[in-house]
Amino acid sequence: MKASSTLTDNMQAVLVDLVELHLQGKQAHWNVVGKNFRDLHLQLDEIIDDARTFADDMAERMRALHAVPDGRSIAVAEGTKIEPFPAGLVSTKDTVGLVVRMLNAAVKTMRDVHDQIDEEDPTTADLLHGFIGKLEQYAWMVDAENMEPTAEVVTPVGTEEATV
């Protein structure tokens, strides 16, 4: 099978967002500071590793369909829908919000092109399903860092710690 120009363009849109997610994830990883720094720093490594793997999977799928992926910095900068991560040190709280937005933007691109991709090449759509599932899971897990609990915890009678 040879990819049509529409399929190629849609796959390229996914590719540039994945490359950008990887690059901006590294920017966040290097410059996050504050409470729970280490946990977020390590979690960003997981996201970055998967974004890099997903980008490679998409580029290789493009080649399998005789399309030519373009991962050059100019192509990524001109094609991505992900907003730039700020320069300088960024608090963990702000980093969480920014990373969730990056993840959601990448997923939105995938969802926007999914149906056209699925119509022409269900195998590539299957790749998107895996990418979307994992990136949405990361968005939930990262976002939980800034969420406020809603349960009111009541200590049962007789289980209070003794005070001296």
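This report describes helices, salt bridges, a charged surface patch and some distances in a predicted model.

## Basis of the model

Residues are numbered from 1 along each chain as its sequence is written. Because the model is predicted, local features need pLDDT of at least 70 and side-chain atom pairs count only at pLDDT 80 or more, while totals for chains, interfaces and linings use all residues; side-chain values use heavy atoms, with hydrogens and water left out.

## Helix H1

Helices and strands are DSSP runs, numbered from the N terminus (helices: H or I, at least four residues; strands: E, at least two). Helix H1 covers residues 5-31, a run of 27 residues. At 1.5 Å a residue, H1 should span 39 Å, and its end C-alpha atoms are 39 Å apart, which agrees. The expected span of a helix is 1.5 Å times one less than its number of residues.

How many of the 27 residues of H1 are buried? The count is 20, and H1 is mostly covered. Buried means under 20% relative accessible area, exposed means over 50%, and partly exposed lies in between (1.4 Å probe, protein chains only).

## Salt bridges

A salt bridge is a side-chain nitrogen of Lys or Arg within 4 Å of a carboxyl oxygen of Asp or Glu. By this rule the model has six salt bridges. One of them joins Lys 26 and Asp 45, with the closest N and O atoms 3.6 Å apart. Lys 26 lies in helix H1 and Asp 45 in helix H2 (residues 37-64), so this pair ties together parts that are 19 residues apart in sequence. Asp 45 counts as partly exposed, because its relative accessibility is 24%.

Asp 49 and Arg 52 also meet in a salt bridge, at 3.6 Å from N to O. Both lie in helix H2, three residues apart, which is about one turn of the helix. Asp 49 is partly exposed at 40% relative accessibility, and Arg 52 is partly exposed at 41%. In another bridge, the closest N and O atoms of Arg 61 and Asp 121 are 2.9 Å apart. Arg 61 lies in H2 and Asp 121 in the loop between H4 and helix H5 (122-143), so the pair ties together parts that are 60 residues apart in sequence. Are Arg 61 and Asp 121 buried or exposed? Arg 61 counts as buried at 18% relative accessibility, and Asp 121 counts as buried at 4%.

## A negative surface patch

Asp 115, Asp 118, Glu 119 and Asp 126 form a negative surface patch. Patches are made of residues with over 30% relative accessible area and no salt bridge; like charges are joined within 9 Å, and nonpolar side chains (Val, Leu, Ile, Met, Phe, Trp, Tyr) within 5 Å. Helix H4 (residues 92-120) gives the most to the patch, with three residues. Asp 118 is found in H4 and is partly exposed, with 31% relative accessibility.

## Two distances

Gly 88 lies in the loop between helix H3 (73-79) and strand S2 (90-91). Its relative accessible area is 35%, so Gly 88 is partly exposed. The C-alpha atoms of Gly 88 and Trp 30 are separated by 9.6 Å, and the two residues are 58 residues apart along the chain.

Ala 64 is found in helix H2 and counts as partly exposed at 44% relative accessibility. Ala 64 and Ile 47 are 17 residues apart along the chain, with their C-alpha atoms separated by 25 Å.

Methods. Accessible areas come from the Shrake-Rupley method with a 1.4 Å probe; for residues, only the protein chains shown count as cover. Lys and Arg count as positive and Asp and Glu as negative; His and the chain ends are not counted. The place of a charge is taken as NZ of Lys, CZ of Arg, CG of Asp or CD of Glu.
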